[in-house]
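Open the model in a viewer and keep the selection tool at hand. The stops below are meant to be taken in order.

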Amino acid sequence: MRRMRSEVITVQTGSRPTVRDITAEAERFVSDQGDGLLHVFVPHATAGLAIIETGSGSDDDLLTALDELLPTDDRWRHRHGSPGHGRDHVLPAFVPPYATVPVLGGRLALGTWQSICLVDTNGDNPTRQVRLSFLPA
């Protein structure tokens, strides 16, 4: 019987909204694991995961779109933390806290320009945990 392998990594996101590429960490985790599924999960109420292109401005575009969709103003009922922090608690409804990626021959089966990214708009929490879980085929 094959068992799921799981590990938690720590990711520094800083004090400003950020899109942090964690593809390299995920690649290391699945290397030489054969075929299966990688499940990535962020156990936080104010962060999510996106599979997007990075380095060409898409990461900044995502943060801009989130600012337009979920502004940091006083409309939010959830009011502790920094001004507009309530929007951080709504973020996972739009950028889910999980992603699943096929793994073939110990390699992530991502598209040419796809990266696994942690999306964190909550500057009050600069350190995040991400759980990587591999389920063999």
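This is a predicted model: local features need pLDDT of at least 70, side-chain atom pairs count only at pLDDT 80 or more; totals for chains, interfaces and linings use all residues.

Residues are numbered from 1 along each chain as its sequence is written, and side-chain values use heavy atoms, with hydrogens and water left out.

Select Leu38, Leu49, Leu108, Ile116 and Val130: these have the most contacts inside the largest nonpolar core, which has 20 residues. A nonpolar core is a set of buried Ala, Val, Leu, Ile, Met, Phe, Trp, Tyr and Cys residues joined through side-chain atoms within 4.5 Å; buried means under 20% relative accessible area with a 1.4 Å probe, protein chains only. Among the elements that each supply at least two residues of this core are β1 (5–12), α1 (23–30) and β8 (127–136). Helices (H or I, at least four residues) and strands (E, at least two) are DSSP runs, numbered from the N terminus. Apart from this core lies another, of 12 residues, including Val19, Ile52, Leu66 and Val95.

Next, select helix α3, residues 86–94, where Gly86, Arg87, Asp88, Leu91 and Pro92 are buried. Their cover includes β4, α2 (58–69) and β7.

Finally, go to Ser133 in strand β8. Is Ser133 buried or exposed? Ser133 is buried, at 7% relative accessible area. Leaving out residues up to four places away in sequence, Ser133 is in contact (heavy atoms within 4.5 Å) with residues including Met4, Phe29 and His39.

Notes: Buried means under 20% relative accessible area, exposed over 50%, partly exposed in between (1.4 Å probe, protein chains only).
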